[in-house]
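Please look over the sequence and the model shown below. The briefing that follows takes up its loops, sheet, core and ligand shell in turn.

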Amino acid sequence: MFHHDARFLIASHLENQHPPDSPVAGFATFRFEVEPDMEDEDEPVAYLYELHVSPQSKQKGVGSLLLRGVEAIGSHWSMKKVMLTVLTVNVNAIKFYARLDYTIDPTSWIASHPLITTAPRSEAPAEDDEQDPLGPEDRDIDYLILSKILPSSTNSA
Ligand SMILES: CC(C)(COP(=O)(O)OP(=O)(O)OC[C@H]1O[C@@H](n2cnc3c(N)ncnc32)[C@H](O)[C@@H]1OP(=O)(O)O)[C@@H](O)C(=O)NCCC(=O)NCCS
């Protein structure tokens with residue numbers, strides 16, 4: 001969270017209208033990063049590291065507000081997409097991201113989940129690509145990589 005490249009969005013209650021313990025309703029942490037896509041090409045992305053809404057503020061649109069804020073900032077700075085990881089057991093968060101049109105990224109080790117759509121993947125790997133015999137279960141992978149392509153006036157591809 002305290003990485004020097006981390007950026008924060010904080011949603012706070014209006015003055016004098018917040019619960020006694022804290023004015024903060026939720027926050028998002030993200031970084032501008034470059035991630036390899038399926039063709040190993042570098043893609044600029046806004047990578048979401050944390051998204052938390054306080055218990056009193058859940059299901060009131062705060063999470064969507066923060067995520068849309070990250071999307072708007074990413075789009076403004078010509079990021080191709082927003083990416084994030086979510087634990088497969090965190091079904092509430094997966095439903096939330098699915099509701100906001102996130103899909104399983106082509107780079108996710110786990111390629112399908114009953115609660116969320118999988119983004120189209122490229123065709124079968126070329127014949128000389130090395131096949132990895134290990135699946136996600138062999139590697140104890142318990143998270144999905146999700147993403148959403150961003151609109152951008154300067155995204156030409
Ligand atoms: C996941 C989380 C960020 C959602 O924030 P939120 O402010 O409650 O979500 P919103 O009110 O903006 O909901 C947006 C949509 O997602 C849906 N949604 C939100 N929480 C949901 C849940 N638990 N189950 C099903 N759908 C859910 C809402 O119904 C809403 O859909 P609608 O537009 O049809 O009404 C929040 O629950 C949270 O902080 N969870 C704990 C931390 C966490 O798991 N973070 C994600 C880590 S990857």
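## Loops and backbone

Glycine 135 lies in the loop between β5 and β6, where helices (H or I, at least four residues) and strands (E, at least two) are DSSP runs, numbered from the N terminus. This is a predicted model, in which local features need pLDDT of at least 70 and side-chain atom pairs count only at pLDDT 80 or more, while totals for chains, interfaces and linings use all residues. Residues are numbered from 1 along each chain as its sequence is written.

- Glycine 135 counts as exposed, because it has 11 C-beta neighbours inside 10 Å; a residue is buried if 20 or more other C-beta atoms lie within 10 Å of its own, exposed if 12 or fewer, and partly exposed in between, with C-beta atoms placed from the backbone.
- Between glycine 135 and tryptophan 109 there are 7.8 Å in space, C-alpha to C-alpha, although the two are 26 residues apart in sequence.
- Glutamine 59, in the loop between β3 and α1, has a phi near 60°, which is a positive value in a residue other than glycine; glutamine 59 is exposed, with 9 other C-beta atoms within 10 Å.
- Serine 78, in the loop between α1 and β4, likewise has a positive phi, near 65°, in a residue other than glycine, and it counts as partly exposed because it has 13 C-beta neighbours inside 10 Å.

**Overall make-up**

- The chain has two helices and six strands, and from the N terminus on its elements follow the order β-β-β-α-β-α-β-β.
- Of the 157 residues of the chain, 22% count as buried.
- Among contacts in the chain between residues at least 6 apart in sequence, 62% join residues at least 24 apart, two residues being in contact if their C-beta atoms, placed from the backbone, lie within 7 Å.

**The sheet**

- The six strands form an open sheet with mixed pairing, in the order β1-β2-β3-β4-β6-β5, where two strands pair if DSSP finds at least two bridges between them.
- The edge strands, each pairing on one side only, are β1 (7–12) and β5 (103–104).
- β2 and β3 run antiparallel and are joined by eleven bridges; they form a hairpin with five residues between them, and in the turn aspartate 40 has a positive phi of about 65°.
- β3, α1 and β4 make a right-handed β-α-β unit; a crossover is right-handed if, with the strands pointing away from the viewer, the path from the first strand over the helix to the second runs clockwise.
- β4 and β6 pair in the antiparallel sense over seven bridges, and threonine 85 stands opposite isoleucine 145 in β6.
- β5 is joined to β6 (residues 143–149) by two bridges, and these strands run antiparallel; isoleucine 104 stands opposite leucine 146 in β6.

**The nonpolar core**

- The largest nonpolar core has 25 residues, of which Ala46, Leu48, Val70 and Val82 touch the most other members; such a core is a set of buried Ala, Val, Leu, Ile, Met, Phe, Trp, Tyr and Cys residues joined through C-beta atoms within 7 Å.
- At least two residues of this core come from each of β2 (24–36), β3, α1, β4, α2 and β6, and β3 gives the most, with six residues.
- Leucine 48 has phenylalanine 30 as a bridge partner and leucine 84 in β4 as another.
- Leaving aside neighbours within four places in sequence, leucine 48 is in contact with Ala28, Phe30, Val70, Val82 and Leu84.
- Five of the seven residues of β4 are buried, so this strand is largely enclosed by the rest of the structure.

**The ligand shell**

- The ligand is surrounded by 18 residues, the closest being Lys58, Gly63, Ser64, Asn92 and Lys95; a residue is near a molecule or strand if its C-beta atom, placed from the backbone, lies within 6 Å of it.
- The elements that give two or more residues to this shell are β3 (42–53), α1 (62–76), β4 (81–87) and α2 (91–99), and α2 gives the most, with five residues.
- The shell divides into seven nonpolar, seven polar and four charged residues, where Ala, Val, Leu, Ile, Met, Phe, Trp, Tyr, Cys and Pro count as nonpolar, Asp, Glu, Lys and Arg as charged, and the others, Gly among them, as polar.
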